[in-house]
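The structure is shown first, and the notes follow by topic.

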Amino acid sequence: MDPISYFQGAVLGALQGIAEPFPISSLGHGVMLPRLLGWDIHQNDDYFLAFLVATHVATAIVLLLLFLDDWKRIVRGLWRSLRDREIKPDDTDARLGWLLVVGTIPAGAVGLLLEHPLRSLFASPASAAAFLVVNGILLLTFERLRRRPPRPGDYLGDSDARIAKLSWRQAVGVGTAQAAALVPGISRSGITMGGGILFGLSNEDAARYAFLLATPIIGAAGVLKLPELLGSTGDGVRGPALVGALCAAFTTYLAVKFLLRFFETNRLTPFGVYCIAAGLICTVIFALD
Amino acid sequence: MAKNRRLIPWAIAAGAILIVIAIIYLAESAGSLPSFFPGHEAGSSHHHIKHGLLAFILGIGCFVFAWFQSGHSTARSG
C-alpha cells in the first residue's frame, strides 16, 4: 500500500497551492490537516518530504510563469548592473533584482542550516496550531503598525518602482524574517507582506514583493531536494506526488490571481483573524484528542 | 550604493576564503573536517553539502560586492 493515496496527494497538493501564497502557513496546515483527518502522515517522514518537494517545485514554477515577464526584466536589469558595475539610479529592474538577491540570501542561509532542526523541533500538530495563533497575531500587528492605510488607486502606476524604493537594510530585514517560516505555523508570505507594509508599501505592492521573493527560495528548496523524490525515498510516492503537484499548480495560480486583486483594496486582517481562530480551534481539538 | 574602494581587497579575500571553505565542506566528510569547522563529527562519513553550498553562495556574494565597489561612483541613496 502506498504511504500516501492519490486522494490524499490531491488534497494535500491543493492545500499547499492555496496556503503557500496566502499568509496562513502552508507548512502549518500541512502538519495539522493530516492529524485532523486522522491520516497516518507525518511531516518528518522521508516519503512525505519527497512528496513536498514535488508540490513546492510546482508552486515555484507557477509563480515563475505568472511573473515571467517581470523576471525577464529583472534578470536583464541584474545583467546590466553587473556589466556596468553599478546600479544606475533610474534602473528600477536592476535595483529590484538586487533587493531580491539581498533578501533571499539570509533566508536561504538560515534555511540551509536550520531547516532540519527547526522542523524536527516544531513538527507536532499542537505546536503548529500554537504557532498559527502567533502568525495571526503577527498579521494583525503588522496591520496595526503599518505606515499608511490602503488608498484608492494604490495599485495604479509602476509597482516595481515603489518596491525598489526599499532600502538594502529593509530588504535584508524582510529576507531574514522569512526564515521564521521554517517553523510550521508561521507564514513566509505573511512575514514578507507584513515587512513590506511596515516599510511603507501598499498591500498589493507588498504581496507582489512577497511573491517575487518567494519564487527563488521555494524553487531552490525544491530543486535541492529533488534527489529525495527521484531516489529510493520517492518509491511509492511519485504517483501521488505528481497528482499533488498538478493540484498545487492549479490552486497556486488561482490563489495568486485572487490575492493580487484582493489586496488592491483589502488588508491582512481577515487572514490574521482566520489564523487565530483556526489555531485556537485546532489546539483545543488536539488537546482533547 | 556608496562606493568604498578600501573594501575591495577585504571582500576578495573573504570571498576566496569562503570558496575554499566550500570546497573543503564538499570534498571532505564530517569526520575529516578540521575540528574547528562547524559540523565536524569524529568518525562520521556524512558530507555537509548544505554548509558547502552556503559558504559557496556567500563567497560569490563577496566577489559580487567587490565587483560593484570597483565600478564608477554614482550617488544613490538607500
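At what angle do helix α10 (residues 203-224) of chain A and helix α12 (residues 238-265) of chain A pack, and how far apart are their axes? The angle is about 155° and the axes are 7 Å apart. This is a predicted model, in which local features need pLDDT of at least 70, side-chain atom pairs count only at pLDDT 80 or more, and totals for chains, interfaces and linings use all residues. Residues are numbered from 1 along each chain as its sequence is written, and chains are lettered from A and ligands numbered from 1 in the order in which they are written.

**Helix pairs in chain A**

- Helices are DSSP runs (H or I, at least four residues) numbered from the N terminus; axes are lines fitted to C-alpha atoms over the stretch in contact, with angles from 0 to 180 degrees between N-to-C directions.
- The angle makes α10(A) roughly antiparallel to α12(A), a term for angles over 145 degrees.
- On the α10(A) side the contact (C-beta atoms, placed from the backbone, within 7 Å) is made by A:Asn203, A:Glu204, A:Ala207, A:Arg208 and A:Phe211.
- α12(A) contributes A:Val256, A:Leu259, A:Leu260, A:Phe263 and A:Glu264.
- Helix α1 (residues 6-19) of chain A and helix α2 (residues 26-36) of chain A cross at roughly 150°, their axes coming within 8 Å.
- α1(A) and α2(A) are therefore also roughly antiparallel.
- In this pair, A:Leu12, A:Leu15, A:Gln16 and A:Ala19 of α1(A) meet A:Ser26, A:His29, A:Gly30 and A:Leu33 of α2(A).

**Nonpolar cores**

- A nonpolar core is a set of buried Ala, Val, Leu, Ile, Met, Phe, Trp, Tyr and Cys residues joined through C-beta atoms within 7 Å; buried means 20 or more other C-beta atoms within 10 Å of a residue's own.
- The largest such core has 85 residues, and A:Phe51, A:Ala54, A:Ala180 and A:Ala210 have the most contacts inside it.
- Helix α3 (residues 46-66) of chain A gives the most to this core, with 12 residues.
- Beyond its neighbours within four places in sequence, A:Ala54 is in contact with A:Leu229, A:Ala241, A:Leu242, A:Gly244 and A:Ala245.
- Another core, of 11 residues, lies apart from it and includes A:Ile105, B:Ile21, B:Ala55 and B:Cys62.

**Chain B**

- 14 residues of chain B are in contact with 14 residues of chain A.
- B:Leu53 is in helix α2 (residues 49-69) of chain B.
- C-alpha to C-alpha, B:Leu53 and B:Ile19 are 9.4 Å apart in space, and they are 34 residues apart in sequence.

Methods: Two residues are in contact if their C-beta atoms, placed from the backbone, lie within 7 Å. Helices (H or I, at least four residues) and strands (E, at least two) are DSSP runs, numbered from the N terminus. Angles under 35 degrees count as roughly parallel, over 145 as roughly antiparallel, 65 to 115 as roughly perpendicular and the rest as oblique. A residue is buried if 20 or more other C-beta atoms lie within 10 Å of its own, exposed if 12 or fewer, and partly exposed in between; C-beta atoms are placed from the backbone.
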